[in-house]
Amino acid sequence: HHSSLLLYLRKNEPIRLSFETPFDSELPFFSPSYRTMASHIVGYPRMGPKRELKFALESFWDGKSSAEDLQNVSADLRSSIWKQMSDVGIKYIPSNTFSYYDQVLDTTTMLGAVPPRYNWNGGEIGFDTYFSMARGNASVPAMEMTKWFDTNYHFIVPELGPDVKFSYASHKAVNEYKEAKALGVDTVPVFVGPVSYLLLSKPAKGVEKTFDLLSLLDKILPVYKEVIAELKEAGATWIQFDEATLVKDLEPHQLQAFTKAYSELESTCSGLNVLVATYFADIPADAFKTLTTLPGVTGYTFDLVRGEKTLDLIKTSFPSGKYLFAGVVDGRNIWANDLAGSLSVLESLEAIVGKDKLVVSTSSSLLHTAVDLVNETKLDDEIKSWLAFAAQKVVEVNALAKALAGHKDEAFFAANAAAQASRKCSPRVNNEAVQKAAAALRGSDHRRATNVSARLDAQQKKLNLPILPTTTIGSFPQTIELRRVRREYKAKKISEEEYVKAIKEEIFKVVQLQEELDIDVLVHGEPERNDMVEYFGEQLSGFAFTANGWVQSYGSRCVKPPIIYGDVSRPKAMTVFWSTMAQEMTKRPMKGMLTGPVTILNWSFVRNDQPRFETCYQIALAIKDEVEDLEKAGITVIQIDEAALREGLPLRKAEHAFYLDWAVHSFRITNVGVLDTTQIHTHMCYSNFNDIIHSIINMDADVITIENSRSDEKLLSVFREGVKYGAGIGPGVYDIHSPRIPSMEEIADRINKMLAVLETNILWVNPDCGLKTRKYGEVKPALENMVTAAKKLRSELASAK
């Protein structure tokens, strides 16, 4: 048949081509392989390139803007993301990966699984109920928050039991699909898969801890079916279920639940292409078999960055006729992809699954990486050439898909190869002395010479603390004025003298407040610090920093991870100046505050050209120098936070021991050389600690403060089960991630629960975490109640003797 086409050449001179064959069979540009070139993004960051969603959320929570204002900002963000992917040429564009707080909480609202304490009365769930579940309110606490697999992203843990009445209570997924379609973008709606949702949940309060959450599968699938039916009616052709729990060690009955769920959904999904996504690790062989035999599933996404062994499973037993979405572009780090290496992997996969069934994808959602490198105007050109943020990764995915289809952008690939080569041989990356010092650590144990009970006796003689000593975790509220001072100093708008004066005044105010409250071990409040990792990274060699490399941690909370690009060392002391200044303001012990090596590692974008433990040992040596300088300066209590130790635990049990060995060793390296009278504290937040309690004991800290209140005292169960802990321990007595102010009675009740399972002489009283994100109007009364509760119980314990 006759077809004609108007082409514009580079000189913009039109020529008309006519031909009698179908037009896509002659011209290379219109070859079938080019037109079916397939690219996919698992998910995308929500916050916006300049944290637009964060500011809209906080304005709404503070009552400064309306729900409509928040919805408008969110709609603009969604449309810009969809347009960006569409313009690049991505074929499978995700929707429903946007969230006002968290995608697991979105699933809870879709299922109408609202705990009774929020007094939801049915109907479509609105912002009031949604944000109360996430953040708590004046009368009820928030739901538990914990880490999403081994990332620094937190999700809101569903609370489920046999009596939960599920109902279709949020039409967000369908509404967002329609919203994208109205903009001319056909998307793939993304859901937390039904089985993973249940496996990530916990039994609600009052429900037996042994309750089988998978028994609720038959109750939640009807809601999923309703959503799927609506999406089909709206015109959806693909749907994505994220079933990342498949990469964990699952029992046979848990694997059977996947088969049951997808068998049940098969008829509803008829006419739809169903994609099941896994990520973050190798998928075990039994789970791979389960996944690739699920009824009604069209394709599978695998993480081929962290899951190198998965390649072997694909090569030996990938099912014929199914789509393989190959996650070769790293969704969790910011290094530019090795395009030549990825293309080679893709070509080997193409030979197995067929050209028309291979889709280039990201290894996971890009939620875990920074948004756009374009906004980084201060990074130097060499380091910038080594990086790719989410927006650049979208381009990389499409460039690989084009190359696979025979339309390789030679200039793009050549620039990428040059950047890869420059990174390998750059003198900025390699420091031989540091490498040798870190390598020398491997064979030794690094333990303090005296056991912890003898050290605690020596420390008590020096510190003379009461029983149930009170402290806080480190940071105090960071006011707008304080942030302005730091910003102006960084921009050289105020002198160093003015800056030091302002920070000194803030420290004095924090010290005075703690003395008024009668807290026993003080902190300086960390007014000089922007972030607990970034602050240290800025003073260590081998780190680079972004202006807008923000990554969502939870809700509106974002972090700006440093980039570890080279060997790490400490040129000079980092905290001694401020800690000694603060100690001079009080006779009470002042904690020196440091971030531990494992947390600096896990909360940074880490170089991917050497094993993580080698980088961690380098950081440990730098922190060791700082610990010893603090001690020399007269600081007798030093806290080395390891908030992220649990988070780095590999998802497969077989890999736990190796990680915990080098992670715990790294912590011990930092304080092996201090005197018995120097008290070493550490802090850990939101995580399930019970399975690593023996590693926590093995860290050999003198005192550990730990999250406890939001997880409903889950931590205490490990001590009820007979684990003996001889060091000091401060399970948090109230949740600082909620604006709610706990009463004295509530805190006293929590301390009494701790006293039932812990020795009086080792128990400390403290909040769950740092107070940086709270306001003084919340902090002061909460700490007053905490100290009053501690004093009340001291007096009761004394009179009971």
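**Salt bridges and a domain interface in a predicted model**

The side chains of Lys-436 and Glu-432 come together in a salt bridge, at 3.4 Å from N to O. This is a predicted model, and the pair makes a handy way into it. Both residues belong to helix H16 (residues 432-439), where they sit four residues apart, or about one turn of the helix. Lys-436 is exposed, and Glu-432 is exposed as well.

Another bridge reaches further along the chain. Asp-445 and Arg-668 meet through their side chains, with 2.9 Å from N to O. Asp-445 is found in the loop between H16 and helix H17 (452-463), while Arg-668 is part of helix H24 (residues 656-671), so this bridge ties together parts that are 223 residues apart in sequence. As for accessibility, Asp-445 counts as partly exposed because its relative accessibility is 40%. Arg-668, at 6% relative accessibility, counts as buried.

Some salt bridges share partners, and in this way Arg-78, Asp-106, Lys-172, Glu-176 and Glu-179 are joined into one network. One of the salt bridges in the structure is that of Asp-106 with Lys-172, whose closest N and O atoms are 3.7 Å apart. The pair links distant parts of the chain, with Asp-106 in helix H4 (residues 103-110) and Lys-172 in helix H6, 66 residues apart. Both Asp-106 and Lys-172 are buried. Over the whole structure, the tally of salt bridges comes to 45.

Then there is Ala-169, which sits in the loop between strand S6 (159-160) and helix H6 (172-182). With a relative accessibility of 1%, and the cut-off for buried being under 20%, Ala-169 counts as buried. Leaving aside residues up to four places away in sequence, Ala-169 touches Thr-109, Met-110, Gly-112, Trp-120, Gly-123, Glu-124 and Ile-125. Gly-726, by contrast, is 557 residues from Ala-169 in sequence and 48 Å from it in space, C-alpha to C-alpha.

On to the domains. The chain splits into domain 1 (92-303) and domain 2 (454-799). Taken over C-alpha atoms, the centres of domain 1 and domain 2 are 34 Å apart. Contact between the two involves 32 residues of domain 1 and 23 residues of domain 2. The size of an interface is often quoted as the accessible area lost when the parts come together. Here, domain 1 and domain 2 bury about 2400 Å² between them, and 49% of that is on carbon and sulfur atoms. Met-145, Asn-152 and Asp-249 account for 24% of the area that domain 1 buries against domain 2, more than any other three residues.

Polar and charged pairs also turn up across this interface. Two salt bridges are counted between domain 1 and domain 2. Elsewhere in the list of bridges, Glu-647 and Lys-147 pair through their side chains at 2.6 Å, N to O. Between domain 1 and domain 2 there are also nine residue pairs in polar contact, both residues being at pLDDT 80 or more. On the side of domain 1 that touches domain 2, the elements that give two or more residues are helix H5 (127-135), strand S4 (145-147) and strand S5 (154-156). S4 gives the most to that side, with three residues. By residue type, the side of domain 1 that touches domain 2 divides into 16 nonpolar, seven polar and nine charged residues.

How values were computed. Residues are numbered from 1 along each chain as its sequence is written. This is a predicted model: local features need pLDDT of at least 70, side-chain atom pairs count only at pLDDT 80 or more; totals for chains, interfaces and linings use all residues. Side-chain values use heavy atoms; hydrogens and water are left out. Domain bounds come from an automatic or database domain assignment. Contact means heavy atoms within 4.5 Å. Buried area is the accessible area (1.4 Å probe) that two parts lose on being put together, summed over both. A salt bridge is a side-chain nitrogen of Lys or Arg within 4 Å of a carboxyl oxygen of Asp or Glu. A polar contact is a pair of N or O atoms within 3.5 Å; within protein, one must be able to donate a hydrogen and the other to accept it, and residues adjacent in sequence count only if both atoms are side-chain atoms. Ala, Val, Leu, Ile, Met, Phe, Trp, Tyr, Cys and Pro count as nonpolar, Asp, Glu, Lys and Arg as charged, and the others, Gly among them, as polar. Buried means under 20% relative accessible area, exposed over 50%, partly exposed in between (1.4 Å probe, protein chains only).
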